[in-house]
Amino acid sequence: MSKLFECIIGKKSSYTPIWFMRQAGRYLPEFQEIRKKNPDFIKLCLTPSLVKEITLQPIKRFNLDAAIIFSDILMVPYGLGQKVEFKKGLGPVLGKLDIDLIANNQPDKFTEKLQSVYESIGEVKKQSIEKEVIGFVGAPWTLLVYMINQKSPKKDFDIRTILKDENLTQRLLKIIEGRICLHIDHQINAGADVIQIFDSWAGLLPKEMLEKYCYIPNLRIVNHIKSKNVPSISFPKGIGKNYLDFCKIVKPSCISIDYELDPNWVLENLKDTPVQGGLHPKILLKDKKNLKEAVERYMNIFSDYPYIFNLGHGVLPETNPDTIKFIVNLIRERNERRSSRN
Ligand code: 1CP
């Protein structure tokens, strides 16, 4: 069993595993080179030879403890038949939502459209057998937001517009949940060892809506993953102290904390759940002294706890790859010091 796997299932160890959200892509020049030659992002995600290469790029450079498959949470809307494009400077742009078309989408058709994703997982698993392979999905709420809003909710987002048709919302959520579970099953069958669930836009929900749109849908997905005997990592970004209710209700194997949470509060309040992440991605843009202190702060707070080192959100595109190397070295040196003491 790998150290990362042991950590997720709650074993304490002197070894802190490390990987980074959004470790494949964006900030790596070797990714940019491939991306330049492949302007169609969806097509790139459906090309196993390139997906394998991109997924393994950060492993080759930094020898991280896990490989996250190069794909996107929006492959599920794509598999359901909604148009998905990634435009330079704009991010994802989705086609008009046709609920009847989506309701008619058959599981076989969905599977066929995403077959290459599963093939890629198999390829990665074959090559990096000793590394944990992380599969992932977007949570129902986050996918619903993209599918109805048709673009990133980063700017001009109005929750009333998203939820104005209760019938549509409920119909869509049910369909999305089914396909998320199917996508998870195929990833597990192809070799994914762990599934991370990104609820990147949970923070858009007011507290009184969290149960209905965040906790319950996440609980259903986590329970589905548990029924497959696979551990899960949940990332309900932006919900502040409601992380506590999230953990009590959803009971994920491991909780990925965002950079807004105080790690001391996390240690006191979420102590029954293994923890991942937390460090602000912007700290990676600062000088090494500040960065080292910030990394050590997380490592000290969680030193006697099942903790996976990661960030509080994805690696920013402007991050220097040498900075990732610097953090990996800090963690690995600390691991060595701790294991020689034991
Ligand atoms: O390590 C990796 O990068 C693995 C692959 C990966 C993952 C895990 C990509 C590739 N996307 C994701 C997850 C993802 N996609 C999330 C959840 C994590 C998070 O919160 O960051 C979200 C919200 C998306 C949606 C998405 N896809 C965005 C965000 C838009 C927004 O609303 O702010 C963007 C820009 C994409 C495109 C995308 N996905 C991945 C890459 C490398 C890119 C950039 C594509 C490009 O080169 O243009």
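**Ground rules.** I take helices (H or I, at least four residues) and strands (E, at least two) as DSSP runs, numbered from the N terminus. The model is predicted, so I note that local features need pLDDT of at least 70 and side-chain atom pairs count only at pLDDT 80 or more, while totals for chains, interfaces and linings use all residues. Residues are numbered from 1 along each chain as its sequence is written, and side-chain values use heavy atoms, with hydrogens and water left out.

**Entry: Arg26.** I found Arg26 in the loop between helix H1 (3–8) and helix H2 (29–37). Its phi is positive, about 50°, although Arg26 is not a glycine. Most residues other than glycine have a negative phi. Lys251 sits in the loop between helix H12 (243–250) and S7.

**Entry: the sheet.** I traced seven strands in an open sheet, ordered S1-S4-S5-S6-S7-S8-S9, with parallel pairing. Its edge strands are S1 and strand S9 (307–308), each pairing on one side only. I count two strands as paired if DSSP finds at least two bridges between them. Strands of a sheet pair through backbone hydrogen bonds.

**Entry: S4 and its partners.** I looked at both sides of S4. Strand S1 (residues 66–68) joins S4 through three bridges, in parallel. There, Ile68 stands opposite Ile134. Strand S5 (residues 194–198) pairs with S4 over five bridges, again parallel. Here the bridge partner of Ile134 is Val194.

Is S4 buried or exposed? I use buried for under 20% relative accessible area, exposed for over 50%, and partly exposed for in between (1.4 Å probe, protein chains only). Strand S4 (residues 132–138) has seven of its seven residues buried. Glu132, Ile134, Phe136 and Gly138 point one way, and Val133, Gly135 and Val137 the other.

**Entry: S6 and S7.** I checked one more pair. Strand S6 (residues 232–235) and strand S7 (residues 254–257) run parallel over two bridges. Ile233 faces Cys254 in S7.

Entry: Which loop holds Lys155? I located Lys155 between helix H8 (140–149) and helix H9 (159–162). Lys155 counts as exposed because its relative accessible area is 62%. Arg26 has 30% relative accessibility, so I log Arg26 as partly exposed.
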